Amino acid sequence: MISFKDVSKHYPNGTTAVDRLSLELPEGGITVLVGSSGCGKTTTLRMVNRMVEPSSGTVSVAGRDVLAADAAELRRGIGYVIQQAGLFPHRTILDNIATVPLLLGWGRRKARARAAELLELVGLPGDSGKRYPHQLSGGQQQRVGVARALAADPPVLLMDEPFGAVDPVVRTQLQNELLRLQSELRKTVVFVTHDIDEAVRLGDRIAIFRTGGHLVQCAPPAELLASPADDFVAGFLGAERGLKLLSLSTLAELPQEPAPADGDRWRLVTSERGEPLGWRDTEGPDGDRAPLLPVRALRDGDSLLTALDESLASPAGLVARVDADGVLTGVTGRERIHEFAGRQHAEAGRAAALKNPADAPEAAEAPEAPETGEAGGDSQDSDDTPASDPSVTA
């Protein structure tokens, strides 16, 4: 869908923002551009909608050179979301969202109907459409920014650090919302961030740039984490690459066993409905009257990184698993998570070695899974270019 062929961007002061970039961004996926400030990631994104024009090479969208298109027309067909939303303060939320459809001649009634539909799609109440941007929270404004970018149903969505100005809790909520929307809409998304954890969580592919606009590696998250191209990529990914790899898998991929029964030290106490209430140490001085220790029950959709964290916090070394109604279905031990992590890392490394045999290190053999008994209660073991006015691009 989006192609860069030997693209460079040079500025009159001698700065090279992007240097001979060749990159294919697949249709219907999220490609995350990541790197430190000044690496060219924002310049690369802005060349897609001609907010920055390349000095040489070809940028094409759906097979068409962007320089051959009228700039305003091109931008109206590409959704654009920036940090802090960039909403028009003097317009209502509905009118902000309807900006591009109105520019495309949809008519006011049709454009506002589409805006109301998108409010619901991004999880905002219908009455928020009558408000003004200053009356919404930062997270709500970012949702409006996403809705505005989607208003004309563009095939391409550009997102320039859209969640960087909100607090961590809201940021996670917005990331979840983007993943939900993408599962339904399947847009071609180019997403810029400096946060490698955000890149791993959102990206189908991650492109890592170094200063001077050089693309160092572009690969799916698992391949990138298991087999970084060089020391620069490894350093950028951080020392906890194995833990980041766990964030790509969910508890649904692991089996579960029955919860500890009578006779085990740690007993998982449940309500009459079967909801986990806490862990009880039956061998302590108070026996069956011992106070309950906290339990955080997880569902199949929770990541294995979250499960590992809970297994470490659990006195039994077990993760309590529940269904959609919060009813206990079983437990998974810490050892199961460790075994899966080892296999996952080895498999990703082998896949990278087969794809790039000359560049990737030889993958380690997957460890044999040790025999495990029944689950029990004793299981212990920046922007790169000058700011531009984004208003016409919605």
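Reader: What makes the four strands S2-S1-S4-S5 an open, antiparallel sheet?

Author: In this predicted model, four strands form an open sheet in the order S2-S1-S4-S5, with antiparallel pairing, where a strand is a DSSP run of E of at least two residues and a helix a run of H or I of at least four, both numbered from the N terminus. The edge strands are S2 (16-25) and S5 (64-65), each of which pairs on one side only.

Reader: How do you know that strand S1 pairs with strand S4?

Author: Two strands pair if DSSP finds at least two bridges between them, and five bridges join S1 (residues 2-10) to S4 (residues 56-61), so the two strands count as paired. Within this pair, Ile 2 stands opposite Val 61 in S4.

Reader: Why is Cys 39 called buried?

Author: Buried means under 20% relative accessible area, exposed over 50% and partly exposed in between, with a 1.4 Å probe and protein chains only; Cys 39 has 0%, so it is buried.

Reader: Which conventions lie behind these values?

Author: Residues are numbered from 1 along each chain as its sequence is written, and side-chain values use heavy atoms, without hydrogens and water. Local features need pLDDT of at least 70 and side-chain atom pairs count only at pLDDT 80 or more, whereas totals for chains, interfaces and linings use all residues.
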